[in-house]
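Take a look at the sequence and the structure shown here. Keep both in view as you read.

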Amino acid sequence: MWFNRWQLPHRPADYGYLLENGNLLVGVRTGQSPVDFGRRGGLLLEMDWEGNIVWSYEEPTLHPDFCRMANGNTMVVGWELVPADLARRVRGGLASTKHSPRHVVGLLS
């Protein structure tokens, strides 16, 4: 059984994945998110076993959901301001919420 500990530059957003190559793919909170509730992201890191950052993607609107796809690309979701006319028609959710996870980006890793 193998164990490792990575030192992250910020608090984890929620979770990380161990990739097949042994690297850690993890989202971290930068404090730059446009939302002030729940799971906040901002920076996605791939770190090798020694803790070196081998790939990163930073975006203030980054939602903490992400995945590394079979082709090696990374899929992320971003927060986007919901237009007022649309927000009025949405049922449920948080009344104070003005952002919604609305755009998806595929990144080359």
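## Ground rules

This is a predicted model, in which local features need pLDDT of at least 70, side-chain atom pairs count only at pLDDT 80 or more, and totals for chains, interfaces and linings use all residues. Residues are numbered from 1 along each chain as its sequence is written, and side-chain values use heavy atoms, with hydrogens and water left out.

## The overall fold

The protein has one helix and seven strands. Along the sequence, they follow the pattern β-β-β-β-β-β-α-β. Helices (H or I, at least four residues) and strands (E, at least two) are DSSP runs, numbered from the N terminus.

The protein has 109 residues, and 28% of them count as buried. Buried means under 20% relative accessible area, exposed means over 50%, and partly exposed is in between (1.4 Å probe, protein chains only). The protein exposes about 7,300 Å², with carbon and sulfur atoms supplying 53% of it. Accessible areas come from the Shrake-Rupley method with a 1.4 Å probe; for residues, only the protein chains shown count as cover.

Now consider contacts (heavy atoms within 4.5 Å). Take those in the protein with a separation of 6 or more: residues 24 or more positions apart account for 41% of them.

## The cavity

Rolling a probe the size of a water molecule over the atoms shows where empty space is left. A search of the whole structure finds one cavity of 30 Å³ or more. The largest cavity holds about 30 Å³ of space. Ten residues line the largest cavity, and the closest to its centre are Gly27, Leu62, His63, Pro64 and Phe66. On a 1 Å grid over the protein atoms alone, a cavity is a set of points where a 1.4 Å probe fits but cannot get out; lining residues have an atom within 4 Å of a point. Grid points are joined across faces, edges and corners, and a volume is the space filled by probe spheres set on the points.

Which strand gives the most to the lining of the largest cavity? β5 does, with four residues. Strands β2 (24-29), β3 (42-47) and β5 (62-68) each supply at least two residues of this lining. By type, the lining has six nonpolar residues, four polar and no charged. Ala, Val, Leu, Ile, Met, Phe, Trp, Tyr, Cys and Pro count as nonpolar; Asp, Glu, Lys and Arg count as charged; the others, Gly among them, count as polar.

## Two partners of arginine 68

Glutamate 46 is found in strand β3. Is glutamate 46 buried or exposed? It counts as buried, because its relative accessibility is 7%. Its side chain makes a polar contact of 3.0 Å with the side chain of arginine 68. A polar contact is a pair of N or O atoms within 3.5 Å; within protein, one must be able to donate a hydrogen and the other to accept it, and residues adjacent in sequence count only if both atoms are side-chain atoms. Beyond its neighbours within four places in sequence, glutamate 46 is in contact with residues including Leu19, Asn21, Ile53, Trp55 and Arg68.

Threonine 74 lies in strand β6 (residues 74-81). Threonine 74 is buried, with a relative accessible area of 0%. A polar contact of 2.7 Å joins its side chain to that of arginine 68.

## Two tryptophans

Tryptophan 6 sits in the segment before β1. It counts as buried, at 16% relative accessibility. A polar atom of its side chain lies 2.7 Å from the backbone oxygen of aspartate 48. Leaving out residues up to four places away in sequence, tryptophan 6 touches Leu18, Gly22, Leu24, Met47, Asp48, Trp49 and Gly51.

Tryptophan 55 lies in strand β4 (residues 53-58). At 13% relative accessibility, tryptophan 55 counts as buried. Its C-alpha atom is 8.3 Å from that of leucine 44, eleven residues away along the chain.

## A strand residue and a loop residue

Alanine 13 lies in strand β1 (residues 12-18). Alanine 13 is buried, with a relative accessible area of 1%. Alanine 13 and leucine 44 are 31 residues apart in sequence, and their C-alpha atoms are 9.2 Å apart.

Proline 60 lies in the loop between β4 and β5. Its relative accessible area is 40%, so proline 60 is partly exposed. The C-alpha atoms of proline 60 and threonine 30 are 7.9 Å apart, with 30 residues of separation along the chain.

Terms used. 1 Å grid on protein atoms, 1.4 Å probe; cavity = no way out; pocket = protein on both sides within 12 Å on 5 of 7 lines; lining within 4 Å.
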